[in-house]
Amino acid sequence: MKELYLLGATGSIGTQVLDIIKQHPAMFKVVTMTANHRIEALRHLIDEFHPEFVCVGEESVAQALKTDYPSLSIGFGALGLITAATWNQDHRNTLLVNALVGISGLIPTVEAIKIKRDIALANKETLVVAGDIINQLLNENHVTLYPIDSEHSAIWQCLNGESPKSIKRLIITASGGTFRDYLRSHLETVTVEAALKHPNWSMGNKITIDSATMMNKGFEVIEAYHLFHIAPDKIETIIHRESIIHSMVEFNDHSIIAQLSDHDMRLPISYALFYPSRVDNPVRSLNLAKIGKLSFEDVSLDRYPCLKYAYLALNQGGNACAILNAANEAAVDLFLHYQISFLTIETIIGEAMSETPWIQNPTLEQLIHTDESVKNVIYQRYKKG
Ligand SMILES: NC(=O)c1ccc[n+]([C@@H]2O[C@H](COP(=O)([O-])OP(=O)(O)OC[C@H]3O[C@@H](n4cnc5c(N)ncnc54)[C@H](OP(=O)(O)O)[C@@H]3O)[C@@H](O)[C@H]2O)c1
């Protein structure tokens, strides 16, 4: 039985991980779980999965939980997340599943790698901010990282057994997000509620906004660079409205291999959890005749400046991707709290990238400092009241 340490248990990915686990009770035991604010949901999970340790956002909530669950170990905040990721340090056959959102996932991942715990990673911001450092730590500690993002799971599946030398390019597919049929002029006035209606996927709020701006696709390009060690100019994106092909790889002989399935995250999650086995899951089988046609469109970097900024940051290297991520996190948070308009998200990111000092070879501490200082500047400038 494999022990799972699940960060972000109450989120969109976290609950789907638990959905898979419920179908394989003899295979996995959930040992730790974390939530931030959805405490009622966490209580249900504690009752169902009986973890040894849970972490919540606030100390007062941790104290209240302790009254109701006296035998449960409970932590809170950033330190609690590290404890959840590194609990039972000496155990083997363990897996950290990181389904946190934002930079909160970075340090717990780093600490888990240091104790040689393998990682199933949904939290893309970890690789966006600190991909070079994470790769170095993975190598030093002989730890394996399994991607959960559907595009990277697709590329991983396409690459099975292929030589990295034979890769000509990666083609990452994009649904186009909520506003794919809007003219840019229409984006001036779009609301938070409209932005949260993704055409194909049901996801957490932040990634849904990132999909609408295409920053999510930019993050996936950066993630792919770190996961598959492919030069940025060999990583392309294409709009594929149906979200049936989750990404493709073209090889030197011009053969393209694609991975197709229904758009359901439980497939990439179970591929990461059970790798190298493939197991049955609740994902619907594709009815290709019913689907009929698959469509593809070029992505315009003028239409989607956030994607352009992501390539720019990746090519700049250093702390540029940390600047990009911090600006995006702050801007999306401000948009979700009705403080700025949708298009101001990209304005803020552009400002941060041109104003923030660049560091060529940042340490982890410098990346964290970059994150904090970029966010401080943005909140001071744009937060009302
Ligand atoms: N959803 C998808 O289909 C999907 C697909 C591919 C990749 N991803 C990536 O997977 C990650 C998770 O996405 P999601 O959609 O599952 O997000 P989500 O639904 O917002 O869930 C995020 C989880 O993290 C917790 N959390 C949020 N902020 C936190 C903080 N500051 N400290 C500690 N915990 C915090 C939340 O707790 P509460 O519930 O208590 O707020 C929740 O458990 C993201 O990096 C996303 O880009 C998601």
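Which residues does the domain assignment of the protein give to domain 1, and which to domain 2?

Modeller: This is a predicted model, and what follows should be read as such. The domain assignment gives residues 2–147 to domain 1 and residues 152–316 to domain 2. Taken over C-alpha atoms, the centres of the two domains are 25 Å apart.

Where the domains meet, 27 residues of domain 1 are in contact with 28 residues of domain 2. Between them an area of about 2300 Å² is buried, and carbon and sulfur atoms give 71% of this area. On the side of domain 1, the residues that lose the most area to domain 2 are Ile 20, Lys 124 and Pro 147, which together make up 29% of what that side buries.

Three salt bridges are found across the interface of domain 1 and domain 2. Asp 19 forms a salt bridge with Arg 266, and their closest N and O atoms lie 2.8 Å apart.

Several elements of domain 1 each supply at least two residues to the side that touches domain 2: strand 1 (2–7), helix 1 (12–22), strand 5 (94–98), helix 6 (124–141) and strand 7 (145–147). Sorted by class, that side of domain 1 has 16 nonpolar, six polar and five charged residues.

Notes. Residues are numbered from 1 along each chain as its sequence is written. This is a predicted model: local features need pLDDT of at least 70, side-chain atom pairs count only at pLDDT 80 or more; totals for chains, interfaces and linings use all residues. Side-chain values use heavy atoms; hydrogens and water are left out. Domain bounds come from an automatic or database domain assignment. Contact means heavy atoms within 4.5 Å. Buried area is the accessible area (1.4 Å probe) that two parts lose on being put together, summed over both. A salt bridge is a side-chain nitrogen of Lys or Arg within 4 Å of a carboxyl oxygen of Asp or Glu. Helices (H or I, at least four residues) and strands (E, at least two) are DSSP runs, numbered from the N terminus. Ala, Val, Leu, Ile, Met, Phe, Trp, Tyr, Cys and Pro count as nonpolar, Asp, Glu, Lys and Arg as charged, and the others, Gly among them, as polar.
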